[in-house]
Amino acid sequence: AFWQWNADGASHRKIKPRVTRPSGPTNVTLYVVSRTELGVTWELPLFDGGKAISKYLVEWDTDKYMTSGIASPSNPYGNSVDGPLVRSEVVSGETEFRIAGLEEGQKYFVRVSAYGDGYSHAISSDPPYAIPSGMLPGFLTDVSLTVASDSETADRLRLAWSAPEVDVNGFKVLPSGCAGGTSPPSAPDAMKAYRVMWDTHPSLLHAQVYDIPAVNGDGFPQHCCPSSSNNNGVCHVELGAEVQSISIKYPQSSIPSSGDVFDSGAVRIAYLGSQSKSIQVVTPLHGSKEVRISPSVTLPSSSPMATGDLIRIQNNVYLVSNVDSWPVSINISSEYVSKPDPHTQPDSVNAYFTTPPSSCFDISNTGNSAESFRSHILQSFDDSPFDESITVSRSTPTEPYESGDSSDTRVVGYVYHVTFSGQGFSSTLGSPVEELLIIS
């Protein structure tokens with residue numbers, strides 16, 4: 001109550017408070033989340049109109065005047081043209097919203113209204129519009145670095161991590177394959193690889209770089225979903241372990257990305273290195289096809305090698321052509337190639353040998369799995385004296401493909417990623433992991 005003075009004197013007046021519409025939300029900010037999504041955040045209005053804010057109306061349109069539909073703060077629930085809630089959404093209990101199902105490359109305008117005793121004026125976002133596009137993933141979680149527990153010689157580090165839970169702006173980006181993930185695999189973009197850099201200096205000026213394919217087995221997405229029971233990371237890699245890739249491609253392929261590119265064909269692949277069986281031999285003369293065995297009381301009476309085996313002498317690989325003169329010598333199918341300077345040749349060297357796989361690896365759709373590839377390579381390690389463990393995953397490279405007036409994605413082959421682990425491949429042995437040999 002108050003007293004009002006005029007020419008007739010003072011008179012008593014009363015004021016009755018009235019609830020009004022709130023002011024608009026503050027700090028309305030627009031972000032790009034993915035190729036088909038935008039995110040918008042806001043804060044509480046400065047004035048609630050005397051009634052608690054219970055919900056918000058988020059509107060978006062390709063037209064800055066929001067004329068594509070009639071959904072608005074004054075009429076948020078009806079749209080006689082396209083149906084209810086066209087390009088708008090009522091949000092309760094949150095101050096952010098993720099707008100999904102948008103068109104990549106299209107410009108979208110966004111505004112937000114607050115509701116107390118009615119809707120406030122709509123507040124346009126800052127920036128006023130955004131264009132859905134590909135975005136960098138969020139930060140990895142549960143990252144840990146320890147000495148690999150199965151590395152008895154402590155020559156490897158175990159790096160572990162889990163997938164990002166939110167992007168750089170705080171919007172959830174867990175894929176649908178993870179518990180709590182709400183996005184389809186294409187929104188945000190599926191992970192293709194995890195990049196690891198390591199160096200002995202914190203500046204990383206001379207860092208080694210390795211991109212770990214985000215696939216598991218036969219090309220299944222490796223989501224690395226965070227786990228409440230594991231804070232040390234779900235996915236892991238051993239730094240110091242050798243990784244090699246074998247690509248089998250058909251560049252002229254027109255097979256859709258959902259098909260199998262090969263219906264026939266095969267290859268034969270072997271491994272031959274210091275982890276293989278070995279024997280001491282006299283360094284052959286340049287151009288010779290005879291390899292003499294170093295005398296030893298421990299030589300077996302029958303040859304451990306057979307015709308058709310592979311033998312590595314220094315840096316070259318040869319095919320064993322005859323073992324009839326064992327234990328004096330064996331023959332190789334091509335002439336021995338010595339080092340450029342014959343004066344640096346040692347009198348004897350270790351030669352490594354293996355029996356190549358007896359059968360080929362079938363690259364058709366019935367036998368080209370990652371596990372089949374691993375089993376094929378492991379044939380080269382039969383009777384090897386070391387612990388050799390390998391893991392294999394397979395990715396499927398694709399390329400854009402145009403046929404007539406339509407465009408599609410075609411699969412052009414397979415890439416097998418082979419990781420060499422186990423003590424047999426330890427760097428402390430002083431010998432490198434040799435490259436896989438494609439025999440035929």
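**Close-up 1. A disulfide joins C224 to C235 in this predicted model.** The two sulfur atoms sit 2.0 Å from each other. Where do C224 and C235 lie? You'll find C224 in the loop between strand 16 and strand 17, while C235 is in strand 17, so the link ties together parts that are 11 residues apart in sequence. The torsion about the S-S bond is about -105°, so this disulfide is left-handed. Are C224 and C235 buried or exposed? Both C224 and C235 are buried.

**Close-up 2. Here's a disulfide formed by C178 and C225.** The sulfur atoms of C178 and C225 are 2.0 Å apart. Take a look at the S-S bond: with -80° about it, the link is left-handed. This pair connects distant parts of the chain, 47 residues apart. C178 belongs to the loop between strand 12 (157-162) and strand 13 (193-198), and C225 to the loop between strand 16 (220-221) and strand 17 (235-239). Why does C178 count as buried? Its relative accessibility is 5%, and buried means under 20%.

**Close-up 3. Now for the cysteines as a set.** How many disulfides does the structure hold? There are 2. Count the bonded cysteines along the chain and you get the pattern 1-3, 2-4. As for C360, its relative accessible area is 43%, which means that C360 is partly exposed, between the 20% and 50% cut-offs.

**Close-up 4. Three strands make an open sheet, in the order 18-31-28.** The pairing is antiparallel. In general, strands of a sheet pair through backbone hydrogen bonds, either parallel or antiparallel. Which strands stand at the edges? They are strand 18 (242-249) and strand 28 (389-395). Each has a single partner strand, so one side of each is left without a neighbour in the sheet. From one strand to the next, the twist averages 20°.

**Close-up 5. Zoom in on strand 18 and strand 31, which run antiparallel.** How many bridges join strand 18 to strand 31? The count is 8, and strand 31 covers residues 413-421.

Methods:
Residues numbered from 1 in each chain as written. Predicted model: local features only at pLDDT ≥ 70, side-chain atom pairs only at ≥ 80, totals over all residues. Heavy atoms only, no water. Pairing = 2+ DSSP bridges. Helix = DSSP H or I, 4+ residues; strand = E, 2+ residues; numbered from the N terminus. Axes fitted to C-alpha atoms, helices over the stretch in contact; angles between N-to-C directions. Disulfide = S-S within 2.5 Å. Buried < 20%, exposed > 50% of the residue type's maximum accessible area, 1.4 Å probe, protein only.
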